[in-house]
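Student: Could we go through this model together, starting with charged side chains?

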Amino acid sequence: MHSHPLRLLTLLTCLASAHAADLGPRLQASLVWSPAVPAGQQAYVAFRRAVDLPQAPTAATLHLFADSRYILWINGRYVLRGPCRFDPQRPEYDSVEVAPYLRAGRNVLVALVHGYAGGHNSKVIEHAPGFGAVLTVGGAETVRTDTAWRCSSRTRYRPSPAAWGSIPDVIDARLETGDWTQPDFDDSAWEAARAVDGALWGALQPRAIPLARERELTGLRGIPAELSAGQQVTVDLGRMAMAWAAVDLEADADSVLKLSYSLRSINGQPTETYGEGTTYTARAGRQSFVTGDEWGCHYVTLRCAVGRVKVLGLTMTDRRYPFERVGRFACSDPFLNRLWEMAVNTIESTCDDAYGADARERNEWLQDPAQPNFITSRVALAGPGEGGRPVYSDPRLLKNLLRHIALSQTPDGRLKAHSISDRWDIHGYIEDYACQWVESLRLYWLATGDDAFVREMWPALVRQMRWFLDHRTPRGLVSARQYTSFDDPLAYVTCEGTALNAFVAQALRDATALGAVIGQPGYAREAADLTTAIHQHLWNAAEGTYDSGYVKDKRLGPTAHAALLALARGVVPAERVASTRAWFQANYQRPAVWHCGDNNDYEQSVARRAGIGMPVTYYWVFGELYRMDSASADALALGEMRRRWARMVKPDDCGTLWEMFSGPESCHNYGSVPAWFLSSYVLGVRLDGPVSGRRLIIEPRLADLTEAGGVVCTEFGPVPVAWRREGRQLRFNLDVPPGTRARLRLPDAEAKTLIVDGKPAKATVDGRYVCAELGAGAHAGTVTTAPAPPPAPATTVVEQRLSAEGATPVVTGRTTDASLAGFESDITTAERLAIAGTEESGAAHDGGAPTPAALLNGTTLNAAGGDATATDGKTFRGYAAGQTLTLRLARACDLSEIRTFAGHDDQRASQSYAVSAATADAPDRFEPLGEARLVCAGGSSQVRLAAGNGALLAKRVVAVRLSFGDGPLGFCVYREVVLLGQASKEG
């Protein structure tokens, strides 16, 4: 019999916990704090305790806990920092082997503890401060925290500002007379620690995840550096890191050194700097300091703000979850190889004591465990287990997040959208995310078979399901706020939305499956009733898809998100799947919208049939493309990765992927979505049913690739695979882990030609697949397949919408590799409308000027008279998804045509926008006129929007608004916008 590694690890953990059953209570009864710090006041408090040992121990463990966080030194040597993030209802303590730090005779334990009162943070919940420690030597308790410990709140570490992500340091070395981390420091003037009531916390539990791995980054350049006021030096860490700093310096008294942490460097200038960083005020002479928190960064800038500082040394220590990379991916397309590498690197770089969403916020978002964090780490990474054995597809960060979210549940039954945090804003609750918590709990069970954890989570699940069911309307639909992601036209809108109700229906089915695992009644009837209500009230027979939903009893038209989530969440009956898929495919590439925090134009967004515009939404897009299960859909999936991720995947200084296609931010888990699909569908290895069945599916979808290979990490161990297409013959090698069976499924192949391990295989046919059963061990074979499909076609122009005049606007586009000078006559001879003013919501690139004047200067050329992009203020304006440009006319005009010109040496010469206009009758209400998208590889492009029958686009227009999409490389470079028409005779 083969036992699952996680089950063995859980058993060993339980045995260890039983052996030290009283450790948590002992530690909790030993909590102390500084008597000098009033309740509710933030402070950094240093604690010290000397302990004499008769001999250097061979085994010694220090168990310690702090609210909110600590840094530990023993005998002047740095040991570690912690604890892992926790909810005060279920705090966790760390246990670390400290024998290497101890010696015979006098030993000094030192901890700096930060009580973050008044600070709101993505990984700290405001609570009572406290510190506890128990040192065991040879299994016997030697010392614990009590009033014999000395403490001081007057340390160099001053209160930190409130921060959403990493916690800034304010350090003033002038406040200290010596180094209290060293064993010979005289602490006799310090106070005795004060005992605090451990009942303020829930029962202390042992840490549920491994200690973080800390590695000093090497190869840093630029240090030493001598800086005077206003001077700075930027150090490249060589990779994206989650790191804390140690600085050795010499300074004049009262000098100030500031450290800022950046994700990128553009033209030698650090950019994407989030948070206040570190401020250090020096005393005179030689000194050093360490920062209290780690920062997501690729670059560190050290700037002398006051005085003179000579930076003698800088150490950056990367601190992250101790994953080991097991998976690999390589294929005949270097772009996809780099995409997979960057995706995995992004997840590795943002995981320390949790699946942090990104390098900026650092919090556990409820959407993120299933997509893309766990799905990526599952196929690529392993964590450390008992006895040094790896835990493949390590699920412990997923389990922690699920538990943290359950602890966040409010009395009305809702689960908080992010944890650990007591910050509340518009994202405090996201109803879609609560459904994904149920989905992720089921995913966890499938990957682990952990029935006990399902039982632990079940009460929270029941309360959340009750909340949804209590919010059904007379139509039988759930009314709540929809989100999906920023690109959903109904994001932030309270509605009876198709996407929202599809999420809830899936959650009810997932809850039913989980209930069956632990013998609890499920929600099968409620799920069926909700699905029926979706079909009855939201199906649009004329369009062959689902309307977006009801808002205030008004039924709004279809959207790509409604179609996608209905398909992805399994509410579409078989007879409607084909038409819903067809509608989705025809519309999902349309220009997207973007909302964050509010949504006042949802009706216009629905009317525009806005498309998919966020990387995270592609989790469902790719899932649906692969469920279509055809050679063309497989090719389209890879085509979409190449198209949408093109701007992110390039040799630059980043090495990680972005939150949005238009960028930044540049290290965000959203961008990592493709990795799981490349491993699970291109390499083709994924779990087949619950982990208890010990079965895999091996099903390569190579599309237009001639070869693909690598290693897919699974719960049973690594699975190496290699696929090579030679003409119509597919050659393969693979290795099934011990104690595991696999079902080989080869698409578009001929059953009679399948050879496995030198013999004709006993093959069966299942649709487009030739199938064979494989046992554990190495296998090799060949099969004859259909010809490889061509790459997915390039995107073409998208049109159109009925104008107010009833005419159908026609979008025409043309591209050229020649100079844009040929377009000049079109602009200068045309009778263009006078623009009185412009407004824009932002620009992805300003072209070197503070206004959009370059778009209205009558020329598509740059200042030098050529068409090459230059930052001179006379050349271009770059716009991305969600950004708008509004042109206010000098007087009411009848609009006949709109022309836009773009140009660049890459795909930013493309164009993507929707047009709406406001009239004199309603100058603040913009009605849609049309939309266009033109993709070109580079050079120049022209788009013309005009009524197909020669009619006007609109009468008595006073303003025209262009709402931009993101383009294939994130934003497009526009050179000129021209409005044509004449003054309105109607005034």
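**Salt bridges and packing**

Student: What is the relative accessible area of Arg442?
Tutor: Arg442 has a relative accessible area of 30% and is partly exposed. Buried means under 20% relative accessible area, exposed means over 50%, and partly exposed lies in between (1.4 Å probe, protein chains only). The model is predicted, so local features need pLDDT of at least 70 and side-chain atom pairs count only at pLDDT 80 or more, whereas totals for chains, interfaces and linings use all residues. Residues are numbered from 1 along each chain as its sequence is written, and side-chain values use heavy atoms, leaving out hydrogens and water.

Student: Which residue forms a salt bridge with Arg442?
Tutor: Asp510 does, with the closest N and O atoms 2.9 Å apart. A salt bridge here is a side-chain nitrogen of Lys or Arg within 4 Å of a carboxyl oxygen of Asp or Glu. The pair links distant parts of the chain, since Arg442 is in helix α6 (residues 431-448) and Asp510 in helix α8, 68 residues apart. Helices (H or I, at least four residues) and strands (E, at least two) are DSSP runs, numbered from the N terminus. Asp510 is buried, at 3% relative accessible area.

Student: How many salt bridges does the structure hold?
Tutor: The structure holds 69. One of them joins Arg832 and Glu976 (3.2 Å, N to O). Arg832 lies in the loop between α16 (824-828) and β48 (835-840) and Glu976 in strand β55 (residues 971-983), so the pair ties together parts 144 residues apart in sequence. Arg832 is partly exposed at 29%, whereas Glu976 is buried at 0%.

Student: What about Arg745 and Glu699?
Tutor: Their side chains meet in a salt bridge of 2.6 Å, N to O. Arg745 is buried, with a relative accessible area of 12%, and Glu699 is buried too, at 2%. Both belong to a network of salt bridges whose members include Arg686, Asp748 and Arg768.

Student: Changing topic: what is the order of strands in the open sheet?
Tutor: The 7 strands follow the order β26-β38-β39-β40-β46-β42-β43, with antiparallel pairing. Two strands pair if DSSP finds at least two bridges between them.

Student: Why is one side of β26 left without a neighbour in the sheet?
Tutor: β26 (328-331) stands at an edge with a single partner strand, as does β43 (759-760), so one side of each has no neighbour in the sheet. Strand β42 (residues 755-756) runs antiparallel to β43, joined by 2 bridges, and Val756 stands opposite Lys759 in β43.
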